[in-house]
Amino acid sequence: MFESLADQPPDALLALIGLHRADPRPTKLDLGVGVYRDETGVTPIMAAVREAERILLDTRTTKSYLGPEGDPVFVDLLKPIVFGVDPGPRLLGVQTPGGTGALRLGAELIAAARPGARVLIGTPTWPNHAPIFTAAGLTLVPHRFFDVAGQRLDIDALAAALESAGPGDVVLLHGCCHNPTGGDLDRAAWARVAALVRARGILPFVDLAYQGLGEGLDEDAAGVRALFADLGEGLVAYSCDKNFGLYRDRVGALFGLAATPAAAEVMRSNMIALARVNWSMPPDHGAAIVRTVLESATLTSLWRDELLRMGTRVRAVRAALAAADPRLAFLTTQHGMFSTLPIDPARIAALRADHGVYMAGSGRINVAGLQVGDAPAFVAALAAVGWS
Ligand code: LMR
């Protein structure tokens, strides 16, 4: 049976975790996989999360099954954080294993409704996006979203892609903190996208994995909220992995906005059926932590404060890099954990081999992996490999 299988290369981004770990140099810098680190270089368990875990340990009486939709209270508590005003019974959600689970579930829902549907996808994007949509049998239609050499968004290319699409087509959008470029749509661009999506009858599918790590919880959701304010149908893949620091617990949700409350119930039943054949039921522990935090005003305020500090620290690192090298000034115009440097593969390899600087092969850097004090060393390494 399996002799027909071809060997698969390891995921290039995730492989950086092992490569960095095995590097004995004390001066090594990890700008690879997207995890936040604090000013001591640690990916912390947030104080509100730790307290919620303690509460769960003391009060939980069972770990019996919940069901394929996960914990509906967890989903309901996230709704106002994501959407601001709850649009009512047309909006539904189910819990998923991380944002990736939400993306895959949404992709399969689209494929069930319209096999082979076209998905407009801006490039560059998170390397797992295309494989997820392809694996679900959808058809990718790429367009340029960001010009890395010029460090500019290509809104016109996005608008042209939308103008060429119509009912039955999907557009994948990053809600905030664009991965891998940090290039976010501003208010005017969101309004333009929203108008085109509505006029052309395109289904928007928003990936919102970094809410709060850009400009703030409300600011980072402003685009999604503007888009969904007057929309027939749409999907949001949400992740709590980053903004609650729950990476390995895999905490996410897929939200769907349907044309009518009755259609929302049909959508929900399809999400549940698809979840059942994929993972049967999502893991509960991380979602229970988020629920426990959001059910408590004290823990919610603790979480919000810590998230605010995390976002502030990321912006400080961006500013420090820009101050250390004026050619990096564009970093202060971008948002969230990632930016992509216009740098060639040979220099990326030299940075790793000669200076212990780990970044993705695309030139993506995880700004949140650096300390403010690392800026001079990083800039010196860039200069040493002749980056210009
Ligand atoms: C990243 O982009 O680094 C993260 O989303 C981790 C991942 O799964 O790729």
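The domain bounds used here come from an automatic or database domain assignment, and the model you are looking at is predicted. Grab the viewer and let's work through it.

**Exercise 1. Locate the ligand relative to the domains.**

*Solution.* 
Step 1: List the residues of the shell. Leu13, Val33, Gly34, Trp126, Asn128 and Asn179 surround the ligand.
Step 2: Sort them by type. The shell around the ligand has 3 nonpolar residues, 3 polar and no charged.
Step 3: Draw the conclusion. Both domain 1 and domain 2 give residues to this shell, so the ligand lies between them.

**Exercise 2. Classify two helix pairs by how they pack.**

*Solution.* 
Step 1: Recall what to look for. A packed pair of helices is described by the angle between the axes and the distance between them.
Step 2: Take helix H6 (residues 155–163) and helix H7 (residues 187–200). Their axes lie 9 Å apart, at an angle of about 10°.
Step 3: Apply the cut-off. Angles under 35 degrees count as roughly parallel, and H6 and H7 are therefore roughly parallel to each other.
Step 4: Pick out the contact. H6 contributes Ile155, Leu158, Ala159, Leu162 and Glu163, and H7 contributes Ala189, Arg192, Val193, Leu196, Val197 and Arg200. The contact of H6 with H7 has 8 nonpolar residues, no polar and 3 charged.
Step 5: Now turn to helix H3 (residues 72–83) and helix H8 (residues 217–228). Their axes come within 7 Å and cross at roughly 90°.
Step 6: Apply the cut-off again. Angles of 65 to 115 degrees count as roughly perpendicular, and H3 and H8 are therefore roughly perpendicular to each other.
Step 7: Name the partners. Ile81, Val82 and Phe83 of H3 meet Leu217, Ala221, Val224, Arg225 and Phe228 of H8. That contact of H3 with H8 divides into 7 nonpolar residues, no polar and 1 charged.

**Exercise 3. Track down two backbone exceptions.**

*Solution.* 
Step 1: Know the rule. Most peptide bonds are trans, and most residues other than glycine have a negative phi.
Step 2: Inspect Thr123 and Pro124. A cis peptide bond joins them, with omega at about -5°. Pro124 sits in the loop between strand E3 (118–123) and helix H5 (129–135).
Step 3: Inspect Gln151. Although Gln151 is not a glycine, its phi is positive, at about 50°. You will find Gln151 in the loop between strand E5 (146–147) and strand E6 (152–153).

Conventions. Residues numbered from 1 in each chain as written. Predicted model: local features only at pLDDT ≥ 70, side-chain atom pairs only at ≥ 80, totals over all residues. Near = placed C-beta within 6 Å. Nonpolar A, V, L, I, M, F, W, Y, C, P; charged D, E, K, R; others polar. Axes fitted to C-alpha atoms, helices over the stretch in contact; angles between N-to-C directions. Helix = DSSP H or I, 4+ residues; strand = E, 2+ residues; numbered from the N terminus. Parallel < 35°, antiparallel > 145°, perpendicular 65-115°, else oblique. Contact = placed C-beta atoms within 7 Å.
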